[in-house]
Amino acid sequence: MFDKINEECGVFGIHTKENSDVTRFTYTALYALQHRGQESCGIAVNDRGIINYKCGNGLVNEVFDKEAIERLNGGKIAIGHVRYSMRGKTARRDVQPLVVRHMKGPMALAFNGNLINSTKLKEDYELKGAIFQSNNDAEVIAYTITEQRLTCDSIEQSLEKAMFKLQGAYSAVIMSPKKLIAARDPHGIRPLCIGVLPNEAGYVIASESCALNAVGAEFVRDIEPGEIVVIRNSGITSIKTHCGGKGSLCVFEYVYFARLDSVIEGQSVHEARVKAGEFLAEEHPVNADVVIGVPDSAIDAALGYARRSGIPYGMGLTKNRYVGRTFIQPTQEMRETTVKIKLSAVESVISGKRVVVIDDSIVRGTTTRIIIKMLREAGAKEVHVRLSSPPFRHPCYFGADIDSRASLIANSKTLEEIREEIGADSLGYLSIEHLEKVAANADCGFCAGCFSGKYPMDVPDELPSDKFDLKLTQ
């Protein structure tokens, strides 16, 4: 609705040495990861080998009330998941964690990412008699793991063998009756990290370090690309059969997806966004009176632009934090009304000024055009737009909801045509060269395929949205 690229999921897992309130820990962590998915959420808890779970469509506080949390209370292990559906609609059957009953024991799985060969794997399993109940890759991953269970001694060995078949991006948490297992694809496209609870009472796994902070855990390290981490009562072990590459983390984690207080691969998200703004000021200077950012993800970049350019920073846009996520209307007139309810201009900062407005990206251009109109109505003399990422020109195959080139304004229009369509006095994007330098402290490589068209692996001819039955939207 608000013309943003959305991440698909966030995952969390916890294993404590003694029975503790793992459900509340997971609930708290999912709150911290809510920015990674607002369509649905779920928690699965292992209580002495029995897996109980609750999943539903909605925000964390909508799905889990006090009674729901108390019903799941108990046990030493839990996993949780928040989800954003790539096509804006979540069927109940697609909500995670996925719980599987198998002759070798139950298993619960939650993951973040997108498999590029799931269609082929699904067809192969169906030819062998498998019946799929959902429309997401979690079930394909579960089938691939359980296929190996008949010849493997442990679930981690089954996962190790399954990873030879899985292609694409996945950061997963898996719960068996006695273990918490985490795995990251060999390219490390989606983030995943480990934390330890006070007094070494247990360990946690999370998509971002902000979730560790929320539950009082200390950051230990990022899980390596291709690594399988196994947590038992006796401690942590690691399988590195699939490790060896430097990794290709999605660079848009730093621009928009991740929470600004997270640290990913050794790089502060906040500092990366500030650096992006500084590079923008170097690439696209302009004579102006005030720099403002579109809340929330572009505020840091705006601070960086102001710092490097010497133009004062101002809070020119304010965000209404009490608008429900479901406040969406189908007509263009109502979309404009919705944006105006969500965002409003601070006239005392804007009126009579030449304004530089910083945003993290433009997808279709709809929201940007409305914001510029709003700023002019507040008295802005000029509006200059700067984006802290390059133009989106290509689909994402690895978990973000860029599923069609046709929906990307930069794919069909020139820079000048985009500027005219959104109504800006000038327009500037961050270059790919500078984008890859915003996370200079990160100990990894990057995937910037949605900007450059160059992906860390061969991608299929079909778009991500073409997978499975389109009536069952992911």
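The structure is a predicted model in which local features require pLDDT of at least 70 and side-chain atom pairs count only at pLDDT 80 or more, whereas totals for chains, interfaces and linings use all residues. Residues are numbered from 1 along each chain as its sequence is written, and side-chain values use heavy atoms, with hydrogens and water left out.

Helices (H or I, at least four residues) and strands (E, at least two) are DSSP runs numbered from the N terminus, and two strands are taken to pair if DSSP finds at least two bridges between them. Four strands form an open sheet in the order β17-β20-β21-β22, with parallel pairing. Its edge strands, β17 (290–293) and β22 (426–429), each pair on one side only. From one strand to the next, the twist averages 20 degrees. Within this sheet, β20 (residues 354–359) and β21 (residues 382–387) run parallel and are joined by six bridges; D359 stands opposite L387 in β21. Helix α13 (residues 366–377) packs on the sheet and touches β17, β20 and β21, its direction making about 150 degrees with that of β21. Helix α10 (residues 299–309) also lies across β17, β20 and β21, and runs at about 160 degrees to β17. Angles run from 0 to 180 degrees between N-to-C directions, and axes are lines fitted to C-alpha atoms, for helices over the stretch in contact. Contact means heavy atoms within 4.5 Å.

A nonpolar core is defined as a set of buried Ala, Val, Leu, Ile, Met, Phe, Trp, Tyr and Cys residues joined through side-chain atoms within 4.5 Å. Buried denotes under 20% relative accessible area, exposed over 50%, and partly exposed in between (1.4 Å probe, protein chains only). The largest such core has 47 residues, and those with the most contacts inside it are Y254, V291, Y305, I358, F398, F446 and F451. Among the elements that give two or more residues to this core are α8 (252–257), α9 (269–283), α10 and β20. Its largest share, six residues, comes from α9. Apart from this core lies another, of 29 residues, which includes L317, V339, V357 and I409.

Helices α5 (residues 137–149) and α6 (residues 155–162) pack at an angle of about 115 degrees, with their axes 8 Å apart. In this contact, T144, I145, Q148 and R149 of α5 meet I155, S158, L159, K161 and A162 of α6.

R259 is found in the loop between α8 and β15 (263–264). This residue counts as partly exposed because its relative accessibility is 32%. Excluding residues up to four places away in sequence, R259 touches A32, H35, E208, C210 and V269. One of these residues, A32, is buried in helix α1 (residues 22–32), as are V22, T23, T26, Y27, A29 and L30.

Strand β9 (residues 193–196) is covered on both faces, with C193 and G195 buried on one side and I194 and V196 on the other. β9 pairs with β11 (residues 218–222) in the antiparallel sense over four bridges, and is joined to β10 (residues 202–206), also antiparallel, by four bridges. The bridge partner of V196 is E218 in β11 and Y203 in β10. The hairpin of β9 and β10 has five residues between the strands, and N199 there takes a positive phi near 60 degrees.
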